[in-house]
Amino acid sequence: MIPISEPISLYVHIPFCKKKCRYCSFYSEPAGKHDTKRFVKALIAELEMYDFQRAVRTVYIGGGSPTSLGGSLLLSLIKSINLHCRTASEFTVEVNPGQVDLQLLKKLRKLKVNRLSIGAQSFNQPELDFLGRGHSPEDIEKAVVYAKKAGFENIGLDLIFAIPGAREDYWVRSLRSAFYLGPQHISVYSLTYEPGSVLYDDRQAGRLKPVDEETDRGQYEFAIEELARAGFIQYEISNFARGGFTCRHNLAYWKNKPYIGIGPAAASSYRNERKENIDDIERYIEAIENGRLPSAGVQSLSPLEVACETAVLDLRCMEGIDLEQFISQTGFDARQLFSKSIDRLYCQSLIEIKNGCLSLTRKAFPIADSVLSDFSSPD
Ligand code: SF4
């Protein structure tokens with residue numbers, strides 16, 4: 001058994017989806033192709049390889065689509081997690097609209113799941129069809145209504161913008177429909193074209209034209225304004241929450257805190273080591289059944305690499321880098337490590353220093369990836 005004594009977040013990866021969305025390059029396969037019962041047994045066996053004691057603060061079951069496991073397998077997995085992770089105070093399950101009913105949600109709630117992340121993506125059927133989502137806007141509405149009836153008081157919705165066609169009224173409708181349903185958390189992501197996805201191939205072959213940068217930026221900025229007007233506080237580049245409803249699990253990632261991932265392709269970060277699990281369902285199960293850790297490799301990071309990683313992650317959050325805390329967390333002074341980048345970005349009004357924290361300015365949000373790349377290595 002591997003003893004885990006530092007506070008951690010636990011991520012459980014379910015690599016199954018009903019069908020592949022056209023923008024997705026995550027590792028997932030159709031549930032029907034595999035023995036899901038054997039898979040869940042392996043997942044629980046991997047969980048039991050750890051001695052979590054009182055270390056687990058948050059649990060997140062994601063994927064893939066955890067709901068594509070079917071109710072009874074998902075519930076038995078959650079029961080095992082509860083046995084091993086009694087100290088978790090935030091327990092999130094990702095659900096796909098169209099794959100949940102009131103009965104299942106009530107059972108999840110009874111098993112101490114207290115947060116749902118619902119992959120809405122759009123409230124416009126033509127956009128859902130374009131993205132290859134297997135649900136309708138009505139399914140999203142039903143999922144939220146059922147979740148509330150089941151007693152969930154912490155519900156998150158994910159939305160995608162910059163979808164080709166990019167009709168302004170569509171984006172307005174998606175945001176307003178989300179507000180109308182009253183979630184506590186909303187994430188907004190610009191559509192990306194990841195190698196390995198159908199949309200990537202379509203773009204490469206000239207079968208579709210991505211939206212231009214200006215429209216992409218305009219939709220993001222519109223979302224920031226609308227979300228603020230609707231009472232959501234932006235706490236990360238893509239994430240907005242009502243007061244007290246930030247996702248603690250994801251915040252742990254952005255604060256570069258330790259986490260353990262179980263399941264195929266899941267990543268872990270513990271004591272400056274990055275570990276990745278085998279990204280093949282059958283090989284993963286075989287490793288576990290033979291009593292081996294399903295590890296695909298371990299990478300040790302130097303203190304300097306950890307400092308750079310911490311800076312990039314911190315800057316994703318509105319709070320930014322707490323300069324004093326950064327020194328105690330990493331042993332490095334960010335002002336010295338990134339002095340040239342800080343000077344240059346400051347002159348361009350892309351970063352600011354307030355109350356001892358170095359953070360991105362609003363001007364930098366739409367180009368955050370390129371600004372953050374300046375902190376991925378020391379000057
Ligand atoms: S986007 Fe989510 S639901 Fe769609 S294929 Fe990818 S993991 Fe599955």
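**Loop residues with positive phi**

I am working on a predicted model here. Ser349 sits in the loop between α14 (339-347) and β18 (351-354). Its phi is near 60°, a positive value in a residue other than glycine.

Next I looked up Lys112, in the loop between α3 (102-110) and β8 (115-121). Phi of Lys112 is near 75°, again positive and again in a residue other than glycine. I counted 16 other C-beta atoms within 10 Å of Lys112, so I noted Lys112 as partly exposed.

**Lys257**

I then went to Lys257, in the loop between α9 (248-254) and β13. Lys257 has 19 C-beta neighbours inside 10 Å; buried would need 20 or more, so Lys257 counts as partly exposed. Leaving out residues up to four places away in sequence, I found that Lys257 touches Ser9 and Ala252. I also checked Lys257 against Phe375: they are 118 residues apart along the chain, and their C-alpha atoms are separated by 18 Å.

**Helix α1**

I wanted to know how the span of α1 (residues 36-47) compares with what its 12 residues should give. At 1.5 Å a residue the helix should span 16 Å, and its end C-alpha atoms are 16 Å apart, so the two agree.

I listed the buried residues of α1 as Phe39, Ala42, Leu43, Glu46 and Leu47. Looking down the axis of α1, I see these residues fall within an arc of 145°, so they line one face of the helix. The spacing makes sense to me: an α-helix has 3.6 residues a turn, so residues three or four places apart point the same way. What covers the buried residues of α1 includes β2 (8-14), β5 (50-51), α2 (71-84), β13 (259-262) and α10 (281-289).

**Helix α5**

Which residues of α5 are buried? I found Ile140, Ala143, Val144, Tyr146 and Ala147. Seen down the axis of α5, they fall within an arc of 165°, so they too line one face of their helix. The face turned away from that buried side carries the exposed residues Glu138, Val145 and Lys149. On the buried side, I noted packing against β7 (90-95), α3, β8, β9 (155-161) and α6 (168-181). Just after α5, I came across Gly151 with a positive phi of about 105°.

**Two domains**

I turned to the domain assignment, which gives domain 1 (2-253) and domain 2 (303-373). Taken over C-alpha atoms, the centres of domain 1 and domain 2 are separated by 28 Å. The contact takes 7 residues from domain 1 and 6 residues from domain 2. On the side of domain 1 that touches domain 2, α8 (213-229) and β11 (233-236) each supply at least two residues. I sorted the residues of that side of domain 1 into 3 nonpolar, 1 polar and 3 charged.

**Around the ligand**

My last stop was the ligand. I wrote down the residues around the ligand as Cys17, Lys20, Cys21, Cys24, Phe26, Ser28, Gly63, Gly64, Ser65, Asn96 and Gly119. How does this shell divide by class? I make it 4 nonpolar, 6 polar and 1 charged residues.

Conventions:
Residues are numbered from 1 along each chain as its sequence is written. This is a predicted model: local features need pLDDT of at least 70, side-chain atom pairs count only at pLDDT 80 or more; totals for chains, interfaces and linings use all residues. A residue is near a molecule or strand if its C-beta atom, placed from the backbone, lies within 6 Å of it. Ala, Val, Leu, Ile, Met, Phe, Trp, Tyr, Cys and Pro count as nonpolar, Asp, Glu, Lys and Arg as charged, and the others, Gly among them, as polar. Helices (H or I, at least four residues) and strands (E, at least two) are DSSP runs, numbered from the N terminus. The expected span of a helix is 1.5 Å times one less than its number of residues. A residue is buried if 20 or more other C-beta atoms lie within 10 Å of its own, exposed if 12 or fewer, and partly exposed in between; C-beta atoms are placed from the backbone. The arc is that of the directions from the helix axis to the C-beta atoms. Two residues are in contact if their C-beta atoms, placed from the backbone, lie within 7 Å. Domain bounds come from an automatic or database domain assignment.
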